Amino acid sequence: MERYICIHGHFYQPPRENPWLEAIERQHSAYPYHDWNERITSECYAANATARIQDGEDRIVGIVNNYDRMSFNFGPTLLAWLQSNARDVYEAVLAADKESQASFSGHGSAQAQVYNHIIMPLANRRDKYTQVLWGLRDFESRFGRQPEGMWLPETAVDLESLDILAELGMKFTILAPHQAKRMRPLGAEEWDESGDGHIDLTRAYEVHLPSGRKLALFFYDDTIARAVAFEGLLSNGENLANRLASAFSEKRDWPQLVHIATDGESYGHHHALGDMALAYALHYIETKELARITNYGEFLAKHPPTHEVEVVENTSWSCVHGIERWHNNCGCNSGGHPGWTQAWRAPLRQAIDWLRDNVVPKYEGKARQFLKDPWAARNDYIGVVLDRSPESVAGFLARHATRELTEPERIATLKLLELQRHAMLMYTSCGWFFDELSGIETVQVIQYAGRVVQLARELFEENIEEPFATLLEKAKSNIAEHGDGCRIYDKFVRPAIVDLTKVAAHWAVSSLFEEYPAQAKLYCYSVANEDFQFRDCGKTRVAIGRARFASDITLESQTLSFGVLHFGDHNVNAGVRQFRGDEAYKQMFEELVQTCITADFLGAVRLLDKHFGTSTYSLKSLFRDEQIKVLDNILQSALAEVEAAYRQVYLSHYPLMRFLTDTVYPLPGALRSAAEFILNTDLSRALTADTPNPELVGKLLDDARIWSIQVDRGGLEFAFRKTLEKKMAEFAAKSEDVANLNAVLGLVTLAQSLPFPVNTRQVQNAYYCLLKTRYAELKGKAEKQSQAEKDWLARFALLGEKLTVRVT
């Protein structure tokens, strides 16, 4: 009897990019990381690319790429983010697919995914088709091959979606057991009606579709999958391996595939060290010969379906009510907010549907002026999304345009296709999955809708924002201050909307705090600086400039002039307008400089109104990340004053505070606040110093412990981790330098003394690489080693011990 095991991870994050900047802005809830993608990459995606296998003494004896031995799919929008922001992880994922082809009879372990994770049964056929096609094209562009299988978001299934998968060449997909309605041997007439998940999960099945096409289906073991995701099975890799092996039965005389499917984030993000449990489980299964590790493509090729199955349509793996979670108040939620309702889901879905359906005829009518087939062009537009080079855009237009388009027509065409891209992004499933209308995932889909509204206004000269906002008003928030969807749109979407004038306003204000080159990139915009004049008048500064601003997405461009005044601190006023010629530009500069020199602040503001109208801009006009950077700069002097005041209180009363620790008298709140501020500030500086002082750090931590001061564990760990990683990178680059080795050794020793664990994964990775290269090389010299080399080996071994890496 042949035994196979396959573990599938569905790795996915919703697209989080600002629709107008095509970049993720800072998400404070992900602190100390910049955003949730960055945080989850550290905890999960990177962790699985370099997973640890430990011995019985918890020492690392191997670092492996889990993706090599598991089945997986990554969301296309997540892969795009990894490609730009975590290149090493991205390349590890691609390399794993190539490695898996060598291991699994030419079958890669990577599967494709529906492009931006929409709930397929709730979509119209046209959107379903584009989503599948975009997912396939994205996969092929990254992995260099055609996928064999495709993941359906939330395993939400209907026959039409399965038929599209089969039509576009997919061989299989994965579903939950309860999605199987009934089954029978191929060629048989009688059905086994037990259904409701009561089917043999160890074989592949075949579904016969209304079109006459066929598709293989795998139904994962939901009992073991649930234990992995929710019941703590990842606390021990050996237990996971044995639990998987226990699902085999001697009563079956056919090849058995025991397989599970869970969110990939279970392995490290949802469950700390879950990546290590997975690594050890795969290692244990192979070394103990419990079964052969495989993937779905290989198993399907070796053991085609012998049974036919019918599916229960409009079902999913994460809603017991089918697919109600994504358009109704069905009762499915996180469980973290008793008393909250998800009645907002239905009106939100209705508003989004209305927006989509409203723009469809307008899109078709306008697009037919420029494109042979507007929907075929949309299907092919994924090529431009993947490659926005001028050559790629030109090739796309050559294939689809009705004729040679003028520049305004090319811009309009790209705007039409961007409208359609965002009209699909606004259906990303996470917008409905969680508990609250004002949650970041739901606000994200409303922002995508806001981009559709903006493009519709520009293209069709029709304002559909008001009726859309009226529909959103029916969606009620659980949080009183947010009210409803209309208020949320006003608070979080309208202020985020960007056009070229706002890009210029950002450029104008930030130019006072940052020097830009003549040609610059500003998110998804290009800026050609044509002139910039600056004058410093004491505390007041004035600048005017002229630049060409262009969208890299739609190619729309404008030459705009700007003027900006900074009266100190956060007091900034700026104006933007169309460039009106050199004479008007020169006059504007001379008048602004004169008011600056004479400190006529009121006159300066009036001049801005005169030249730019009443639509002026301030620091609030900066994009979020730049706003934070500028405010950090502006707040330096203010925070220095605050620190000086707190430090004086702290130092002046330090003896008294120490005395109070030996009494029953509690530390007064004012003194506690001063101590908390100063100790956290000093700890941050000490841990990020080029050469941290262990004695100073120890003293600061002792004081914090004595007064029960809450230190910023997350922030301090993150900051010190970066210090340690930087020093390790210096050592790895010049590994023969014993001074670098000693510096890392000192920092690792310091890390062990801190009252919080420090994530040394990157340091261990670099160490393990040196262990397999330089250390092995020197160790191999044996009696030919110099004394310096012997000393290096001894110190390196000591570092390995502290990093819990088995050296010998």
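Figure 1. The model is predicted: local features require pLDDT of at least 70 and side-chain atom pairs count only at pLDDT 80 or more, whereas totals for chains, interfaces and linings use all residues. Residues are numbered from 1 along each chain as its sequence is written, and side-chain values use heavy atoms, with hydrogens and water left out. Strand β4 (residues 71-74) and strand β5 (residues 110-113) run parallel and are joined by two bridges; strands are DSSP runs of E with at least two residues, helices are runs of H or I with at least four residues, and both are numbered from the N terminus. Two strands are said to pair if DSSP finds at least two bridges between them. Strand β1 (residues 3-11) also runs parallel to β4, with four bridges between them, and H8 has S71 of β4 as its bridge partner. Both faces of β4 are covered, S71 and N73 being buried on one side and F72 and F74 on the other. Buried means under 20% relative accessible area, exposed over 50% and partly exposed in between, with a 1.4 Å probe and protein chains only.

**Figure 2. Strand β11 alongside β1.** Eight bridges pair β1 with β11 in the parallel sense, and G9 has T262 of β11 as its bridge partner. Strand β11 (residues 256-263) is largely enclosed by the rest of the structure, because seven of its eight residues are buried.

Figure 3. Strand β9 (residues 205-208) pairs with strand β10 (residues 214-219) in the antiparallel sense over four bridges, and V207 has L215 of β10 as its bridge partner. Contact means heavy atoms within 4.5 Å.

**Figure 4. The kinked helix α22.** Helix α22 (residues 624-652) has 29 residues, which at 1.5 Å a residue should span 42 Å; its end C-alpha atoms are 39 Å apart, in agreement. The expected span is 1.5 Å times one less than the number of residues. A kink of about 45 degrees is centred on Q636, the bend at a residue being the angle between axes fitted to the seven residues ending there and the seven starting there. E626, V630, I634, E643 and Y650 of α22 are buried. The cover over the buried residues of α22 includes α19 (500-510), α23 (654-660), α24 (669-688) and α25 (694-706).

**Figure 5. H482 in the loop between α17 and α18.** H482 is found between α17 (465-472) and α18 (485-493). The residue H482 counts as buried because its relative accessibility is 11%. Leaving aside neighbours within four places in sequence, H482 is in contact with S438, S477, R487, I488, K491 and F492.
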